Amino acid sequence: MTLTCELDPVLDDELREGILTLWADVTNAGGAVGFVPPVTPDDIRPTLDASLAAVARGGRRLLVGRDEDGRVAGTVFLAFNEHRLMRHWLWLYTVMIHPRHQGRGYGRVLMSAAESAARALPGIEAIRLTCRGGTGVDSFYAACGYKEVGRVPDAIRVAPGDDRDDIMMLLTL
C-alpha cells in the first residue's frame, strides 16, 4: 500500500468533497489543522474555498495524496510569498494525512513529494511551516529534515486555558 501524490490536480467537486472530508476527519481525530473538534465539512468549507481561490490565482499550489483506492488521503498547500524580499522561500499549509493511514509512512511520502515540488520551482531555496506545540508533530517534521527556527509561546488558543506554542520550522533546499 502506498500514497500516490499529484501536484495541481483537477479541482472538481469530487476532489473538493474529498478534501473537506479529510480535513474534518483529521480535525475530529485531534489533528492541528486550523480548527478544533468537533467540526463538519461545512464548517471548513469557507477556509477550503479561500485556499482553492489562492490556487486559482496562482498564489498556492495543491499537492494531493491518494490511497490505493483513489481516495484523498493527504494534502498540503505550497504557498508563495507575495513580499518581493521573501520570494525565495515558500510556506507549507494544511499538511494532513487521514487518521486511518497515519503510522504507515504516508506522511513522509507526502512531505517528500512537497519537497520535490518545491525544489522544482525556480528560485525557491527553502520551505517554512508552522505547527501547534503540544502535539508532537514538530518531531515528525524534524525527522523529515526540518529545523525549529522560532517559537512563540502560548500563541495558539485551542480553548480557554489551553494555549499552545506556535513553532516555526525550516527546510533549506
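Okay, let's start with Asp162, which is partly exposed at 25% relative accessibility. By that I mean the band between buried, under 20% relative accessible area, and exposed, over 50%, with a 1.4 Å probe and protein chains only. Its partner is Arg164: the two form a salt bridge, with the closest N and O atoms 2.7 Å apart. Arg164 is partly exposed too, at 22%.

Quick caveats. This is a predicted model, so local features need pLDDT of at least 70 and side-chain atom pairs count only at pLDDT 80 or more, while totals for chains, interfaces and linings use all residues. Residues are numbered from 1 along each chain as its sequence is written, and side-chain values use heavy atoms, with hydrogens and water left out.

Asp162 also turns up in the sheet: in S7, Asp162 is the bridge partner of Ala159. S6 and strand S7, residues 162-172, run antiparallel and are joined by eight bridges. Strands here are DSSP runs of E, at least two residues, and helices are runs of H or I, at least four, both numbered from the N terminus. Two strands pair if DSSP finds at least two bridges between them.

So what is the strand order of the open sheet? The seven strands go S1-S2-S3-S4-S5-S7-S6, with mixed pairing. At the edges sit strand S1 (4-7) and strand S6 (147-159), each pairing on one side only. On average, neighbouring strands of this sheet are turned by 25° against each other, direction ignored. For angles, axes are lines fitted to C-alpha atoms, for helices over the stretch in contact, and values run from 0 to 180 degrees between N-to-C directions.

Helix H2, residues 41-57, packs on the sheet and touches S2 and S3, its direction making about 115° with that of S2. Contact is heavy atoms within 4.5 Å.

Back to charges. A salt bridge here is a side-chain nitrogen of Lys or Arg within 4 Å of a carboxyl oxygen of Asp or Glu, and by this rule we count twelve. Arg71 and Asp67 make one of them, at 3.2 Å, N to O. Which of this pair is buried? Asp67 is, at 4% relative accessibility, whereas Arg71 is partly exposed at 40%. Both belong to a salt-bridge network that links Asp67, Asp69, Arg71 and Arg100.

Last one: Arg104 and Glu68 meet at 4.0 Å, N to O. Arg104 lies in the loop between strand S4 (89-97) and helix H3 (106-119), and Glu68 in the loop between strand S2 (60-66) and strand S3 (72-80), so the pair ties together parts 36 residues apart in sequence.
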